[in-house]
Amino acid sequence: MIKREYYSVRTGKITQDQEINFEVLKRLFSITYNKLVKEGYFQKYFGIDCTDGYMEGELGSDIEAIIFVNLRKENLYPIYKNLPNYTEDDLFDMIEFLHDHCSKGLDGNYHSWNGCGYHYEKFNNLEGQKYFRDELNPILSGYREGFEISKEGHILVLSQNGLSNLLEAEIPSSDKDNITNKIDAAILKFRRHKSTLADRKEAIRELADVLEFIKPAIQKYLNKKDQNDIFNIANNFGIRHHNKDQQTEYDKPIWYSWIFYFYLATIHAV
């Protein structure tokens, strides 16, 4: 839907009241969702509303029940009926659910009666999910501080300017248990929608654990003062320890971001 940023958006001349608020976000989501439905991207799982009668998809006939089992919420489906009453959490939950159940139709038959359209029989989930992200992410990026749907289907806060490559760069290590899995978990925890300060602190602590694990390499490549500075942050600023000697009088939303990216960059550098 959104091809690129045009002049006023690109140059920052859009005022706050012209930005995407929640009601606008729901309207843009509705337009995109209806487009995807029309193009058959939900036929595999949600079925087909055929002119000859409803044809079940893999989720069965009681989709409301399936959504309740997965999201533990009622009154989310059908979307056209319930969307006006969605909260932000409701919308983001449904977007993640739809991402998991979006599949591109590859082969099928055209049902011409009353302009019914294609009935697909073969599908590709990965292509469907990628298309879903391509359609929704430009919209989500303009809402509040900016969000995106990851390849795993998580709605995450957009990375800060210039730091997206750091979050996506591959860690040059084959040690999944002690390094890569811990880093991936920390990044997800830090960027997840509505992550709390406690979540972000835990993410920093996990990166500190990775730094502790690779300490021999740190000692090899960094001088003594730099080594001490790295671990001083974790040990004396209320990250890993809880005692009266900790220095905690700092603006956590700002400094947690700085510590997180500093630790992640240090791991990459080492």
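## Overall picture

What share of the 270 residues in the protein chain is buried? Buried residues make up 40% of them. Buried means under 20% relative accessible area, exposed means over 50%, and partly exposed lies in between (1.4 Å probe, protein chains only).

This is a predicted model, in which local features need pLDDT of at least 70, side-chain atom pairs count only at pLDDT 80 or more, and totals for chains, interfaces and linings use all residues. Residues are numbered from 1 along each chain as its sequence is written, and side-chain values use heavy atoms, with hydrogens and water left out.

The chain has 13 helices and six strands. Helices (H or I, at least four residues) and strands (E, at least two) are DSSP runs, numbered from the N terminus. Along the principal axes, the C-alpha atoms fill a box of roughly 75 × 45 × 35 Å. Take the contacts with a separation of 6 or more: 59% of them join residues 24 or more positions apart. Contact means heavy atoms within 4.5 Å.

## Helices α9 and α10

Helix α9 covers residues 176–191, and helix α10 covers residues 197–213. They pack at an angle of about 160°, with axes 8 Å apart. Axes are lines fitted to C-alpha atoms, for helices over the stretch in contact, and angles run from 0 to 180 degrees between N-to-C directions. The two helices are therefore roughly antiparallel. That label applies to angles over 145 degrees; under 35 counts as roughly parallel, 65 to 115 as roughly perpendicular and the rest as oblique.

The crossing of α9 and α10 is left-handed. A crossing is left-handed if the near helix is turned anticlockwise from the far one by less than a right angle, and right-handed if clockwise. Residues of α9 in the contact include Ile179, Ile183 and Phe190. On the α10 side, Leu207, Val210 and Phe213 are among them. By class, this contact has nine nonpolar, one polar and six charged residues. Here Ala, Val, Leu, Ile, Met, Phe, Trp, Tyr, Cys and Pro count as nonpolar, Asp, Glu, Lys and Arg as charged, and the others, Gly among them, as polar.

## Helices α2 and α7

Helices α2 and α7 pack at an angle of about 165°, and their axes are 10 Å apart. That makes α2 roughly antiparallel to α7. Their crossing is right-handed. From α2, the contact uses Leu25, Leu28, Phe29, Thr32, Lys35 and Leu36. From α7, it uses Tyr131, Phe132, Glu135, Leu136, Ile139 and Leu140. The classes are nine nonpolar, one polar and two charged residues.

## Salt bridges

A salt bridge is a side-chain nitrogen of Lys or Arg within 4 Å of a carboxyl oxygen of Asp or Glu. By this rule there are 18. One joins Glu23 and Lys26, with the closest N and O atoms 3.4 Å apart. Both residues lie in helix α2 (residues 22–38), three residues apart, about one turn of the helix. Glu23 is partly exposed at 48%, whereas Lys26 is buried at 5%.

Other bridges link separate parts of the chain. Asp89 and Lys194 meet at 3.4 Å, N to O. Asp89 is in helix α6 (residues 88–100) and Lys194 is in the loop between α9 and α10, so the pair ties together parts 105 residues apart in sequence. Asp89 is partly exposed at 31%, and Lys194 is exposed at 51%. Lys104 also bridges to Glu127, at 3.5 Å between the closest N and O atoms. Lys104 lies in strand β3 (residues 104–111) and Glu127 in helix α7 (residues 125–140), so this pair ties together parts 23 residues apart in sequence. Asp209, Glu212, Lys215 and Arg240 form a network of salt bridges.

Most residues other than glycine have a negative phi, and most peptide bonds are trans. Tyr77 and Pro78 are joined by a cis peptide bond, with omega about 5°. Pro78 lies in the loop between α4 (63–71) and α5 (79–82).

Asn75 is in the loop between α4 and α5. Its phi is positive, about 60°, although Asn75 is not a glycine. Asn75 is exposed, at 58% relative accessible area. Arg144 also has a positive phi, near 50°. Arg144 sits in the loop between α7 and β5 (147–149) and is partly exposed at 46%.
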